[in-house]
Amino acid sequence: MTMPSPKHPIPEASTEELRSELMESLEYHKGRLAAAASQDDEISHAMLNRSERTVEQIEAALERIEIGEYGLCDTCGDWIGIDRLNALPHASDCTVCASAPTRNQRFAR
Ligand SMILES: [Zn+2]
C-alpha cells in the first residue's frame with residue numbers, strides 16, 4: 001500500500017479519547033449482538049447482521065489507532081474526512097468510497 005500524505009487527521013492528544021469512545025461503542029454493540037443472538041426472529045437476525053458489521057468496523061478502527069493508520073480509507077487508502085470521522089468514528093472508508101457503487105459489489109457476494 002502506498003503511503004498517503006503523512007498528515008494525520010486526528011491530533012495525537014485526542015487518540016486516548018477516541019479509543020475510549022470506540023471501546024464504549026464496542027461494548028454497546030456487543031451487548032446488542034448478544035441480545036439479538038438470543039432471539040430467533042427476522043428483526044433480530046437483521047439487527048444481528050448490522051451489529052456484527054459494526055463490531056467488526058469498531059475493532060478495525062481500534063486496530064488502526066494502534067498502528068497509526070486511523071482515519072485511512074479501507075478502499076482507496078486516502079484520509080477519511082474529519083467531518084465523517086466525527087460523525088462516525090469507526091468509518092472504514094471515505095465519503096467518496098462509501099457512496100461509490102463498488103462498495104455494494106464488494107458486499108454483495
Ligand atoms: Zn476512499
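**View 1. Surroundings of Cys73.** Apart from its neighbours within four places in sequence, Cys73 makes contact with Asp78, Ile80, Asp93, Cys94 and Cys97. The model shown here and in the following views is a predicted one.

**View 2. The whole chain as context for the close-ups.** The secondary structure of the protein chain consists of five helices and zero strands, which gives the pattern α-α-α-α-α when read along the sequence. Of its 109 residues, 14% count as buried. Among contacts between residues at least 6 apart in sequence, 49% join residues that are at least 24 apart.

**View 3. The pairing of helices α1 and α2.** Helix α1, residues 15-37, and helix α2, residues 42-66, have axes that come within 9 Å and cross at roughly 155 degrees. Because angles over 145 degrees count as roughly antiparallel, the two helices are described as roughly antiparallel to each other. The crossing in which α1 passes α2 is left-handed. By class, the contact between α1 and α2 has 13 nonpolar, six polar and five charged residues. On the α1 side, the residues that meet α2 include Leu18, Leu22, Leu26, His29 and Leu33, while those of α2 that meet α1 include Met47, Leu48, Val55, Ile58 and Leu62. Charged residues also take part, among them Arg19, Lys30 and Arg32 in α1 and Glu52 and Glu59 in α2.

**View 4. Glu69 and Thr75 in the loop between α2 and α3.** Glu69 is placed in the loop that runs between α2 and α3, the latter helix spanning residues 82-87, and Thr75 lies in the loop between α2 and α3 as well. Glu69 has 16 other C-beta atoms within 10 Å and is partly exposed, since that class falls between the limits of 12 or fewer for exposed and 20 or more for buried. Thr75, with 16 other C-beta atoms within 10 Å, is likewise partly exposed. From C-alpha to C-alpha, Glu69 and Trp79 are 9.2 Å apart in space and ten residues apart in sequence, whereas Thr75 and Asp93 are 6.1 Å apart in space and 18 residues apart in sequence.

**View 5. Ile82 in helix α3.** Ile82 belongs to helix α3, where it has 11 C-beta neighbours inside 10 Å and so counts as exposed. Its C-alpha atom is 9.7 Å from that of Cys94, a residue twelve places away in sequence.

Conventions:
Residues numbered from 1 in each chain as written. Predicted model: local features only at pLDDT ≥ 70, side-chain atom pairs only at ≥ 80, totals over all residues. Helix = DSSP H or I, 4+ residues; strand = E, 2+ residues; numbered from the N terminus. Contact = placed C-beta atoms within 7 Å. Axes fitted to C-alpha atoms, helices over the stretch in contact; angles between N-to-C directions. Parallel < 35°, antiparallel > 145°, perpendicular 65-115°, else oblique. Left-handed = near helix turned anticlockwise from the far one by under 90°.
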